[in-house]
Amino acid sequence: MIAYAASGSDHTETEDGTTMANMARHVVKKLIGLTKGIRVPHRAFVSPFASVERRVKVTIEPGARIGRGTRIIGGDTMGRVHLGERSAIESGCVVRVLDGELTVGEDSTLNYGAIVYGEAGVRIGSRVLIGNHSLISSVDHTWEGRGSVFLQPMREAPVVIEDDVWIGAYSAVLAGVHIGEGAIVASHSLVREDVPPYAVVGGTPAKLIRYR
Ligand SMILES: CC(C)(COP(=O)(O)OP(=O)(O)OC[C@H]1O[C@@H](n2cnc3c(N)ncnc32)[C@H](O)[C@@H]1OP(=O)(O)O)[C@@H](O)C(=O)NCCC(=O)NCCS
């Protein structure tokens with residue numbers, strides 16, 4: 001049990017070295033998390049300006065962050081987002097999971113403005129960097145014949161991004177793609193096919209540049 005010092009100063013230390021200011025910050029962080037249905041652990045942060053829809057269960061590990069203006073969008077049934085230790089969904093991202101799941105390992109970052117459509121499942125490993133304004137989509141339109149694309153069914157296939165991948169800014173990774181460990185995707189690339197481990201790919205559509 002923590003014993004608090006008697007002084008009213010913000011910087012008063014408790015017996016275990018915690019300051020009152022830090023305790024207050026921690027309580028505020030917990031309360032902000034509660035308003036979004038998220039249990040905010042030690043050193044984790046959820047911006048009060050992030051929005052999480054009610055039908056998404058978000059779990060975050062210590063040190064994880066969800067930035068300002070990020071939107072996490074659910075559907076009719078429960079979706080899930082899991083953010084591993086020290087991983088971040090930075091400001092202005094959109095994560096739509098509907099009834100699917102986004103899982104992110106440790107020390108990974110979805111940079112500013114990235115978009116994830118996770119309804120068929122998106123798994124991101126550890127130490128992965130997703131460049132700003134990239135799209136990771138586990139769903140796509142179908143376009144048989146000349147019929148309206150709008151009226152045709154969606155195609156769903158999970159996306160897997162293994163550990164230590166770097167995806168350059170403004171790239172798109174399409175449904176069903178598996179990006180191997182340590183691969184690099186150049187900025188502004190369109191990734192339609194699987195990427196082997198340690199490959200460097202780039203362009204629209206992305207082609208092999210070389211191996212690391
Ligand atoms: C992929 C990347 C790492 C390659 O860097 P590099 O090794 O210095 O690249 P080089 O200039 O030697 O180019 C190697 C080849 O890749 C091609 N290439 C490089 N970047 C490319 C891109 N974005 N799209 C398509 N091809 C690209 C070059 O044209 C060159 O092809 P060539 O050998 O036929 O002439 C770099 O270009 C890149 O895209 N980095 C991502 C930057 C980014 O998004 N940062 C945001 C912060 S997360």
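Ground rules. I number residues from 1 along each chain as its sequence is written. Because the model is predicted, local features need pLDDT of at least 70, side-chain atom pairs count only at pLDDT 80 or more, and totals for chains, interfaces and linings use all residues, while side-chain values use heavy atoms, with hydrogens and water left out.

Sheets. I looked up the strands (DSSP runs of E, at least two residues, numbered from the N terminus) and their pairing, which takes at least two DSSP bridges between two strands. I found an open sheet of 6 strands with parallel pairing, in the order E3-E6-E9-E12-E17-E20, whose edge strands are E3 (56-60) and E20 (178-179). Within this sheet, E6 (residues 79-83) runs parallel to E9 (residues 101-104) and is joined to E9 by 4 bridges, Leu83 having Val104 as its bridge partner. I then noted an open sheet of 9 strands with mixed pairing, edged by E1 (45-46) and E24 (207-211). There, 2 bridges join the parallel strands E21 (residues 184-185) and E23 (residues 199-202), and Ile184 stands opposite Val200.

Ligand. I listed the residues near the ligand (a heavy atom within 4 Å), among them Gly131, Trp166, Ala169, Ser187 and Arg210. For polar contacts with the ligand (pairs of N or O atoms within 3.5 Å), I noted a backbone N or O atom of Ala169 at 2.8 Å from a ligand oxygen atom, and a polar side-chain atom of Arg210 at 2.5 Å from a ligand oxygen atom. The protein covers 43% of the 920 Å² of accessible area (Shrake-Rupley method, 1.4 Å probe) that the ligand has on its own.

Note on methods:
A polar contact is a pair of N or O atoms within 3.5 Å; within protein, one must be able to donate a hydrogen and the other to accept it, and residues adjacent in sequence count only if both atoms are side-chain atoms.
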